[in-house]
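Biologist: I would like to know what the labels on this model rest on. Please set each value against its cut-off.

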Amino acid sequence: TQINPPAHITCNNGQKLPAHYFMPSVNEMDPVITAPELPDVNVGVAGGGDFELFFGANVEPEKEMAYILMMATDCIQDFNIKTLYPYNEFLANRKLGGGGWVRKLSANKDIVVQELMRRDPNAKPNKSNRSCEELLRLFKPLTDSRDIDFVVKKELEVRQKLESMLGELNTKRVSHDVKEKAPKRPKIEKKVGLADAAANVNLRLKLDDSSASIAMEAAEKAARDNDFKVTIAIVNAEGVPMLVKRLEGANPHSFDLAIAKAKTSCLFQRNSSQLQDFPDISRGGVPLMANGVCMGGVGVSGDKQPNCEKVAYAAVDRLVEDAKQESDLKAPEVPPMPPPNTPSTTV
């Protein structure tokens, strides 16, 4: 006599599976049902629903996440990736983990039509005139509980994967924020603001041919002593080149760069190393300051940036030194202060 089978079957490996995955014939004389010995079986592999079989054979790996989330939106009540964590985090910060999360998490028309045709092979959707939301309304509801179980299971895997990824990204972000700042690059012997040392020196306010030649000689000597193959440029207060010299072996492109460094440092009255808003200008430009007024600039290019800056400071140092000596020679002698008057005492 045929009787109704039990709801679940216990396999030899101890796992309970729904009876309809095996559909054995139950004999009244053998009430204990023993399924054949199988390897570890998961729901969705043995006796899976139509969607599970279709998903494994027809959905491309890069579309799996969007396909599962589309199915979850269709068959799980109140499921919305725009409000559920962690999907909403990736949609709000689209550059996380390489970006492209709208495309990865949202089904396009091709995916929607693919599922629509799976459910109803006779459907004739016109995706050119309809949005994804309109096409989703054409879905026939899922009736196989195995398909729904598979969607719920796969959505949980996607959620766990994204939560793990988000945790790793947050860990990296926190470690980056608390990471100790790297020490600043060591400066060359001269400090960046050395040109300001001439501010209180009575230098000549105009850079003439004589002082420009003195500055060029000092810079050229520093370059040759250190075997720096550079171009040296000196400009006046208006940024017009006065002297430009390209030493033997210097790159031809360094000619224009040296003038640009000298002109930029002169016009902005700052060392070119401090002008980070100008990506084409690097270290090697130094302004010539006198009493707080810029009277010109020195630019050096063609070697490593610290070496170029060193040569430029050699020219500034020479002018500062000469100006100090001239100031000391011309400084008038200050007479000694008379002793204070001693008040007289009246007897």
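The questions and answers below go through the labels one at a time.

Modeller: This is a predicted model, in which local features need pLDDT of at least 70 and side-chain atom pairs count only at pLDDT 80 or more, while totals for chains, interfaces and linings use all residues. Residues are numbered from 1 along each chain as its sequence is written, and side-chain values use heavy atoms, with hydrogens and water left out.

Biologist: How many helices and strands does the protein chain have?

Modeller: The protein chain has 10 helices and six strands. Helices (H or I, at least four residues) and strands (E, at least two) are DSSP runs, numbered from the N terminus.

Biologist: Why is C308 called buried, and why is C75 called partly exposed?

Modeller: Buried means under 20% relative accessible area, exposed over 50%, and partly exposed in between, with a 1.4 Å probe and protein chains only. C308 has 0% relative accessibility, so it counts as buried. C75 has a relative accessible area of 22%, so it is partly exposed. Of the 347 residues in the protein chain, 36% are buried.

Biologist: How many disulfides does a search of the whole structure find?

Modeller: The search finds zero disulfides. A disulfide is a pair of cysteine sulfur atoms within 2.5 Å.

Biologist: What makes the reach of α9 close to the expected one?

Modeller: The expected span of a helix is 1.5 Å times one less than its number of residues. Helix α9, residues 254-268, has 15 residues and reaches 21 Å from its first C-alpha to its last, close to the expected 21 Å.

Biologist: Which residues of α9 are buried, and what do they pack against?

Modeller: The buried residues are S254, A258, I259, K261, A262, T264, S265 and C266. They pack against the strands β3 (231-236), β4 (241-246), β5 (285-290) and β6 (293-301).

Biologist: Why do residues three or four places apart in an α-helix point the same way?

Modeller: An α-helix has 3.6 residues a turn, so residues with that spacing point the same way.

Biologist: Why is D78 called exposed?

Modeller: D78 has a relative accessible area of 70%, so it is exposed. D78 sits in the loop between α2 and α3 and has a positive phi of about 60° although it is not a glycine. P86 is in the loop between α2 and α3 too, and a cis peptide bond with omega of about 5° joins Y85 and P86.

Biologist: Why is E238 called exposed?

Modeller: E238 has 56% relative accessibility, so it counts as exposed. E238 is in the loop between β3 and β4. Its C-alpha atom is separated by 7.8 Å from that of C266, 28 residues apart along the chain.

Biologist: How do you know that β5 and β6 pair?

Modeller: Two strands pair if DSSP finds at least two bridges between them. β5 and β6 have six bridges, in the antiparallel sense. In β6, V293 stands opposite A290, and G296 stands opposite L288. Two residues lie between the strands of this hairpin, where N291 takes a positive phi near 55°.

β3 and β6 also pair in the antiparallel sense, over six bridges, with T231 opposite S301 in β6.

Biologist: Why is β6 described as largely enclosed?

Modeller: Eight of the nine residues of β6 are buried, so the rest of the structure largely encloses it. For β5, six of its six residues are buried. G285, P287 and M289 are on one side of β5, and V286, L288 and A290 are on the other.

Biologist: What makes a group of residues a nonpolar core?

Modeller: A nonpolar core is a set of buried Ala, Val, Leu, Ile, Met, Phe, Trp, Tyr and Cys residues joined through side-chain atoms within 4.5 Å. The largest has 35 residues, of which F51, Y67, L69, M70, Y87, L105 and L162 touch the most other members. The largest share of this core, eight residues, comes from α2. A second, separate core of 25 residues includes I234, A312, A315 and L319.

Biologist: Which residues does F51 touch?

Modeller: Contact means heavy atoms within 4.5 Å. Not counting residues up to four places away in sequence, F51 touches Y67, I68, M71, E115, R118, D147, F150 and V151.
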